[in-house]
Structures are given as structure tokens and as C-alpha cells.
Amino acid sequence: MIYAELKNIKTYKGINKNLDKAIDFIVERKYLNASYGKNIIEGDTIYFNYPEKAATRENTDLELEYHKKYIDIHIVLEGEEIIVYTPFEDCIETKSYNDEEDYGLVKGKAQVELMMNTENFLLFFPEEPHLALLKVDTPKEIKKVIFKVEI
């Protein structure tokens, strides 16, 4: 997991060539004029989702998701949210991993709460369970993009 200021994202180049391409795309701010839905950068290797009506919510016993093929990069465009993380070994699987959709679900006590706003980004590597779109004060609609980078 990497949680840092968006202005410093290029510091993390060199980990993986696909991640480098995604970082270049982010640095160039090309995602700011995106259409809602799935936006392709390089086929199914690098793309990002721009949900039309993303809204934060209470964390009422929600499940965390994890991936095995893709890195997730969360960037908030408007508003703020909390994203929680729990180490995989401290979770119990509730929905087996689906290879075709690249996700599985787990339950676990949130061990880290990360505040997201327009100034930072959050990157999750495969098998790092996380739960996004949690409210800061009250549930609100926000704008965000989630990059998917095959690793």
C-alpha cells in the first residue's frame, strides 16, 4: 500500500512498467476530462473507472475487497472519503476470489483508516484488502477515479 500526496506520485515510478505508464497518465492529468464509466488507457492492462454517482456510506459491517491481478489507485476529484485497510492474514474470506472479475471479499477489523481528498492518492497492491467510500462526517456524493493496473 502507498498513501501519499498526489503531487509526489512520480516518486513511485520504477516498480512496474505498467504502473509507470499509469503514473505518467496521472501526472499529465489526462483523467480530469474523462467520461463516466470505464476509460481505457491500454486495453485491459491499464484503465480507470469513473463512477457517475459515487457516494460515501457508513461502515456497517461491510466487507473488504482484494485483487490478485491489478493494482488499484484511488484518486478523489471532489469531496473526501475514508478508505480502510486490513492485512490479508487478519481477515476471513467471505466470497472466494473470482479470477474473471479479479476480486474476492473478506471480513476483518479495520486496522488503518486513511483520509482521502483531492491532495492525495492511495495505491493498493494485490492481496491488500480495502474498503472505499466510507463517510467522513455524513454520507455525501463524491467524485473519484480508480485506476486498475495489471501487475
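Visitor: How should I read the exposure of Glu58, and which class does its relative accessibility put it in?

Guide: At 43% relative accessibility, Glu58 counts as partly exposed. This is a predicted model, in which local features need pLDDT of at least 70 and side-chain atom pairs count only at pLDDT 80 or more, while totals for chains, interfaces and linings use all residues. Residues are numbered from 1 along each chain as its sequence is written, and side-chain values use heavy atoms, with hydrogens and water left out.

Visitor: With which residue does the side chain of Glu58 meet in a salt bridge?

Guide: Side chains of opposite charge can pair when their charged atoms come close. The term salt bridge here requires a side-chain nitrogen of Lys or Arg within 4 Å of a carboxyl oxygen of Asp or Glu. Glu58 meets Lys135 in this way, at 3.7 Å from N to O. Because Glu58 lies in the loop between β4 (54–55) and β5, and Lys135 in the loop between β12 and β13 (141–150), the pair ties together parts that are 77 residues apart in sequence. The element names follow DSSP runs numbered from the N terminus, with helices (H or I) of at least four residues and strands (E) of at least two.

Visitor: How many salt bridges does the rule give?

Guide: The count comes to 10 salt bridges. One of them joins Asp24 and Lys13, whose closest N and O atoms are 2.7 Å apart. Asp24 lies in helix α1 and Lys13 in the loop between β1 and α1, so this pair ties together parts that are 11 residues apart in sequence. Asp24 is partly exposed, with a relative accessible area of 31%, and Lys13 counts as partly exposed at 37%.

Visitor: Where does the charged end of Lys38 sit?

Guide: A charge is said to sit over a ring if NZ of Lys or CZ of Arg is within 6 Å of the ring centre and within 35 degrees of the ring normal. The charged end of Lys38 sits over the ring of Tyr47, 4.2 Å from its centre, and the side chain of Lys38 also meets that of Asp44 in a salt bridge of 3.2 Å, N to O. Lys38 itself counts as partly exposed, at 45% relative accessibility. In another case, the charged end of Lys68 sits over the ring of Tyr97, 4.7 Å from its centre.

Visitor: How many aromatic pairs does a search of the whole structure find?

Guide: Rings of Phe, Tyr and Trp (its six-membered ring) pair if their centres lie within 6.5 Å, with planes under 30 degrees apart counted as stacked, over 60 as edge-to-face and the rest as tilted. The search finds 10 such pairs. The rings of Tyr36 and Tyr50 have their centres 4.6 Å apart and their planes at 45 degrees, so this pair is tilted. Tyr36 is partly exposed, with a relative accessible area of 39%, whereas Tyr50 counts as buried at 9%. Tyr66 and Phe88 form an edge-to-face pair, 4.9 Å centre to centre with 80 degrees between the planes. That pair links distant parts of the chain, Tyr66 being in strand β5 (residues 64–66) and Phe88 in the loop between β7 (81–85) and β8 (92–98), 22 residues apart. Tyr66 counts as buried at 1% relative accessibility, and Phe88 as partly exposed at 30%. Ring pairs also link Phe25, Tyr31, Phe48 and Phe147 into a cluster.

Visitor: Which residues cover the two faces of β7?

Guide: In a regular strand the side chains alternate between the two faces of the sheet. Glu81, Ile83 and Tyr85 are on one side of β7, with Ile82 and Val84 on the other, and all are buried. Since 5 of the 5 residues are buried, β7 is largely enclosed by the rest of the structure.

Visitor: Which strands do bridges join to β7?

Guide: Two strands pair if DSSP finds at least two bridges between them. β7 is joined by 5 bridges to the antiparallel strand β10 (residues 112–116), where Glu81 stands opposite Met116. Another 3 bridges join β7 to strand β12 (residues 130–134), also antiparallel, and there the bridge partner of Val84 is Leu131.

Definitions and conventions: Buried < 20%, exposed > 50% of the residue type's maximum accessible area, 1.4 Å probe, protein only.
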